Amino acid sequence: SNTNIYIIGEYFGSGNLGTTNISGSVGISSLFLCKYRGTDGVAVWTRGFPSGGNNIGKGIALDRGGNLAICGAIFSADFGGGTISGNGSGSTFLARIKSSDGTQISAKVFGSGYSVANGIAVDANTNLFITGYFLSSIPFDATTITASGYGGFVVKTDSSLATSWVR
């Protein structure tokens, strides 16, 4: 069984979460992702993702292969496969990350308006489920949902991050 501990969140300025110094802007949130050994709490790797706008990590889950699925809101980030971009306030992102080193398997941003994915789950078939909220409208591949003001969403994607359905 996997006895490692994975943490996602946000930081301002700079810090060290055990293995790597991470830095960003004092006035803009940056996303971090860390892996610790569960047996003794020793940091295995730490990754910071600063940008010119807010990057916020909100949800993390493990798939059956031991890799990570993460979500939140980003302005822009490069998880290891090229930069993906949202807007300055934050756009919903979803990424699959190798647990061995914290690098990207795949990543995607949904829309360019304000939205945040707050939670994530992975089923036995490696389908991903995210939930969150948005302002006015948000496209999930071919399906766009709208609200007068803020609205909520639940989205299922397959392991390649293609949208299966939206609620």
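Author: Let us start with one residue, keeping in mind that this is a predicted model. Phe140 has 0% relative accessibility, and because the cut-off for buried is under 20%, Phe140 counts as buried.

Reader: Which residue forms an aromatic pair with Phe140, and is the pair stacked, tilted or edge-to-face?

Author: A search of the whole structure finds 10 aromatic pairs, and in one of them Phe140 is paired with Phe110. Phe140 belongs to strand β13, while Phe110 sits in the loop between β11 and β12, so that the pair links parts of the chain 30 residues apart. Phe110, at 2% relative accessibility, is buried.

Reader: How exposed are the two rings of the pair formed by Phe129 and Trp165?

Author: That pair is also described as tilted, with 6.1 Å from centre to centre and 55 degrees between the planes. It connects Phe129 in strand β13 with Trp165 in strand β15, 36 residues apart. Phe129 is partly exposed at 23% relative accessibility, and Trp165 is partly exposed at 27%. Elsewhere, ring pairs join Phe49, Phe79 and Phe93 into a cluster.

Reader: Where do nonpolar side chains tend to be found in general?

Author: In soluble globular proteins, they tend to be buried together. Here the largest nonpolar core has 17 residues, and among those that touch the most other members are Leu94, Ile120, Ile130 and Phe140. Strands β7, β12, β13 and β14 each supply at least two residues of this core, and β13 gives the most, with five residues. There is also a second, separate core of 16 residues, which includes Tyr6, Phe49, Ile70 and Phe79.

Reader: What does Leu94 touch, once its neighbours within four places in sequence are left aside?

Author: Its contacts include Ile70, Phe110, Ile120, Leu128, Ile130 and Thr157. Thr157 lies in strand β14 and is buried, with 0% relative accessibility. Not counting residues up to four places away in sequence, Thr157 touches Leu94, Phe110, Asn127, Leu128, Ala162, Thr163 and Ser164.

Definitions and conventions:
Residues are numbered from 1 along each chain as its sequence is written. This is a predicted model: local features need pLDDT of at least 70, side-chain atom pairs count only at pLDDT 80 or more; totals for chains, interfaces and linings use all residues. Side-chain values use heavy atoms; hydrogens and water are left out. A nonpolar core is a set of buried Ala, Val, Leu, Ile, Met, Phe, Trp, Tyr and Cys residues joined through side-chain atoms within 4.5 Å. Buried means under 20% relative accessible area, exposed over 50%, partly exposed in between (1.4 Å probe, protein chains only). Helices (H or I, at least four residues) and strands (E, at least two) are DSSP runs, numbered from the N terminus. Contact means heavy atoms within 4.5 Å. Rings of Phe, Tyr and Trp (its six-membered ring) pair if their centres lie within 6.5 Å; planes under 30 degrees apart count as stacked, over 60 as edge-to-face and the rest as tilted.
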